Amino acid sequence: MWITCNDAVNRYDGNMIKVYNLDKYFRDCPNLQQGYGFTEDDESNIYIGSIQGLYIYHRTTDKFTLQKIFPDNGDALAMPFAYKDGMVWCFNKKYEIAAYHVATGKVAAIVRIPLPELPSVHIYSLTGSGFYERWPFFDKGGVIWVSGQNTLYTFSPRTKAISEIPLPGFNKTKQSFLCTFYDNQSDHVLIGTENGFWDCNAATAQTQHVTQIDGVDLGTVSAICRNQYMTVLKNSRGILFADRKYTSHLLINYTPGRVFRQYKFGFDKAQRLWMCDDGFGQVIYDFSSRLLPGLSSHAQRQHLTETADTALSVGAFAAFPNGDIIVSGASLLNHSTNKLESIDFQQPLANKTYGMATDTYRKGIWFYQLIPENHLLKIFFCDINKKLSLKYQIPASLNTGVSQCLYPLNDGRILFSSSGGLFWLKDNNKLIRAGQQPYHNSFVINPLSHARCAISYVNNDMWLVEFTGTDEIQFIKKILPGIQSFYLQEDTARHCFWAGTNKGIYQLDEHFRLLRRMDANNGLAGTYIYGLLLDDSGNVWCSHQRGLSSIDARTFQIINYDKSDGIQDWDFNNRAFYKAPDGTLYFGGMNGFNQIRPPLKNVQYYQPEVYVDEILINNKTWLPDTNANQITRLHLSPSQNIITIKSIVKDLGAGRSRELVYRLVGADNKWQHLPGNTTITFNNLAPGNYTIELGVYDKYHAKEVAQKRISLTILLPFYRELWFGVIIAIFVTAFIAGLFIHSKLNKQKIAFRQQLALEQQRNRITADLHDDIGALLSSLQINSSVASQLLHKSISEARQVLDKIERQSRDIADKIGDIIWSMKSSDQELMSVGSRISNFVYDILGATDIQYQVRIDRDVDLRLHDMTIRKNIILIAKEAINNAVKHSKATFIAIDLHVANDQLVLQIVDNGIGYSGLRTQGNGMTNMKKRATETGGILTVQTAPLKGTTIIVHMPVPICSDNG
């Protein structure tokens, strides 16, 4: 339903009103304010007239554009009145007619009707009846009808002929056309005037002047419309409803003192009459049939002719043998006409504080005071002839208290319950207490089979009672102990009982054991039960504080009925229920009553439809140039994981009572139920593929009907994509391979360096063996030969040579030992560098008078692994100490070996005689410098005559692994 107002255009779907007044809904055009006329094309696009041209609502984009129809000579007004043959037909103030071709977007000027130009289209500039009620239209023959104030024209687009339609008896000078309406069903045109209306047959031009309906003078008819059942018109007295043949009527008078300004009448598909009531909005008269028929307080006022204090609340029902129903002691529902009639019981029941009970034994109805007055409890009986008589006047001294329930037994006895307990009603105004009772304040007597009943008590347990032939009653057992129970209905076919309590409905087996409970947890709308009945199929019907509900006795499906189904109001009255012999169920409430004859047949004038009004991604509109209802797929990035869907259930007849259902297939397949106008939000969805299903809950069949699907894809972050994983795997593999190759190359380089170092060491050892050991061995060989010759010549000289051979042999052994020690790794050698130096210092200097001091840093052994350095530092130290012992004449020698700045530093200081720097260096000094240079080191000598000698050796210490 599209409705215009002064500042916007509104869309009503039965659930909510959407106001199109934001800039985002209008593309390259000003916002639409006052609208003049609507029409709709085959694609459900809407065309709205305005003073700026023709506004087009595009269903696919949910946007408006503006189309100029007439030449803009200071007035671009275009008012659509029909969509026909692919064109939108418009007129303006000059009554020029033009057609806008929807497919091509072209405008064709058609004709100008010879009517006076309208002075204005604004409501406040018009006097009397406005032209709104005389809107042009097409008839079935494709002819356009246009009405002026006192002239009626037709125009045929096919023949281009303009004709004036005469109305016999119409006086142009004294009367005017106030309204027109075209009845497409009968092809009749209705024209309202100051003296009734004309009914004109569009095909035959025959006319009928209607000035009275059912004896009522119509007078001025300023608005008129019709549907397939009735004709509705507005006159000076009010709104008059008549049948199509104008033989009967119903007049709703205007409220005194109120200006009743109504402009446009129209029926919707549900046969509801809509009319614009200026200043108050839309007035809706609902004539649609209801699932739960009944009479509301308004209907009671229309049907009854009683005084204004007629009770509108229905608190009790009772029936006569012929099927007539007494409603709250004040009205009679005629069983043959199903109409509510007044019934005059005169003064005795005027205070309307009486309860009622049907007595099939006596074929009448009992009326009993609920609250005794003047210390008397009065009980009346109304027989089949509607004759009322006073049967009991019981003094308050019997402590009956507040009356609760009266129950006539099948044998004629009458059991009466009140706040004072249970009593038997006896002739001569006697009340006899019905034996020993567990409590006072009995509430309802619920009849059961086999001469039994269930007595409910206020704030106490319900009891099963058996009747005997005497006035004693037997209390057999408690029913649902600890639960406040009010009503009990017996299903003899299924051998079970249904109990109405303050906590819902309970089903009990034939021994009153609990079978199941129906409450809010399984869908029962209200749990404080006011009334309970079983229909002829054994299904349960109950009234409560939230309407009316039914329970299928076979499937236990619960249906909750609301105002769209026709309930009299949300709140019903306690104990106001009755089942008639024909199976009709009656439930009374605060605003009338409902009468139900199961099984019910649901009539739907509008099929409920899910409509997506807006989709937001991370709180921003998704595809703003596309109607959200037409979006079927969402393809989102990993960060776009907050999805909001604003959706409604479109149903012009019952939108607000519909339930929207949705589920996220792929995450949770369970349907979620929400009101028909709601916002659905999914927060922080994980990457993946989903399907959002939207639908409507069919409460009459207890199932969810899916109507719309939106495919949803949230992409994986790039670092979780397969291609990224492949790249990372390739990179990692390449990196590991590179590390492996690098490690292998390093190992090869180390092995090569070790091999090279070993080869160099081998060469050096070979050179040492050749130079030192070889020379010593040669000398040893020569000395051995000399000693052998001297043994025959001079024993003393031979002994001297042998001593020399001994010394040479010892030197050879020491040198070979040093070479072998230096070739061992530090892990394999038990004696460290420091220990070896300390040992040979002790061996050499211990046999002399020279004092000495040895300081060796512990880092030396931790850092020194190279065999060449180990060998050379030992040999240099030996050579330097031997030289000092032999030549320096020192009394003190200090040896210091430490590591400083990745340099191995050997310092040997003596306090001897020193020597001149010009003195020729011997072989010992030359060998030491050679050994230092071999390791990349430097040997320096600091000496002077009588100043002692200091020898300092710096050798680089390579950083090596443990395996060298």
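## Cysteines

(Buried means under 20% relative accessible area, exposed over 50%, and partly exposed in between, using a 1.4 Å probe and protein chains only.) The structure is a predicted model, in which local features need pLDDT of at least 70 and side-chain atom pairs count only at pLDDT 80 or more, while totals for chains, interfaces and linings use all residues. Residues are numbered from 1 along each chain as its sequence is written, and side-chain values use heavy atoms, with hydrogens and water left out.

How many disulfides does a search of the whole structure find? The count is 0, where a disulfide is a pair of cysteine sulfur atoms within 2.5 Å. Cys179 is in no disulfide, and its nearest cysteine sulfur, in Cys225, is 9.7 Å away. For Cys5, the closest cysteine sulfur belongs to Cys276 at 9.9 Å, which is too far for a bond. Cys179 counts as buried, at 0% relative accessibility.

## Backbone features in loops

A few loop residues deserve a look on your screen. Pro598 and Pro599 are joined by a cis peptide bond, with omega about 0 degrees. Pro599 sits in the loop between strand S56 (592-596) and strand S57 (609-617). Strands here are DSSP runs (E, at least two residues), and helices are runs of H or I with at least four residues, numbered from the N terminus.

Two histidines have a positive phi without being glycine: His450 at about 60 degrees and His495 near 55 degrees. His450 is in the loop between strand S42 (442-448) and strand S43 (452-457), and it counts as exposed at 67% relative accessibility. His495 is in the loop between strand S46 (485-491) and strand S47 (496-501); at 51% relative accessibility, His495 counts as exposed.

Strand S24 (residues 238-243) is mostly covered, with 6 of its 6 residues buried. Strand S23 (residues 230-234) pairs with S24 in the antiparallel sense over 5 bridges; two strands pair if DSSP finds at least two bridges between them. These two strands, S23 and S24, form a hairpin with 3 residues between them.

S24 is also joined by 5 bridges to strand S25 (residues 249-253), again running antiparallel. Which residue of S24 is the bridge partner of Leu233? That partner is Leu240, and Leu240 also stands opposite Leu251 in S25. The hairpin of S24 and S25 has 5 residues between the strands, and Tyr246 in this hairpin takes a positive phi near 65 degrees.

## The S48 and S49 hairpin

Strand S48 (residues 504-509) and strand S49 (residues 514-518) are antiparallel partners over 4 bridges. Leu508 has Leu514 in S49 as its bridge partner. There are 4 residues between the strands of this hairpin, where Phe512 takes a positive phi near 65 degrees.

S59 pairs with strand S65 (residues 703-714) in the parallel sense over 4 bridges. In this pair, Leu634 stands opposite Leu712 in S65.
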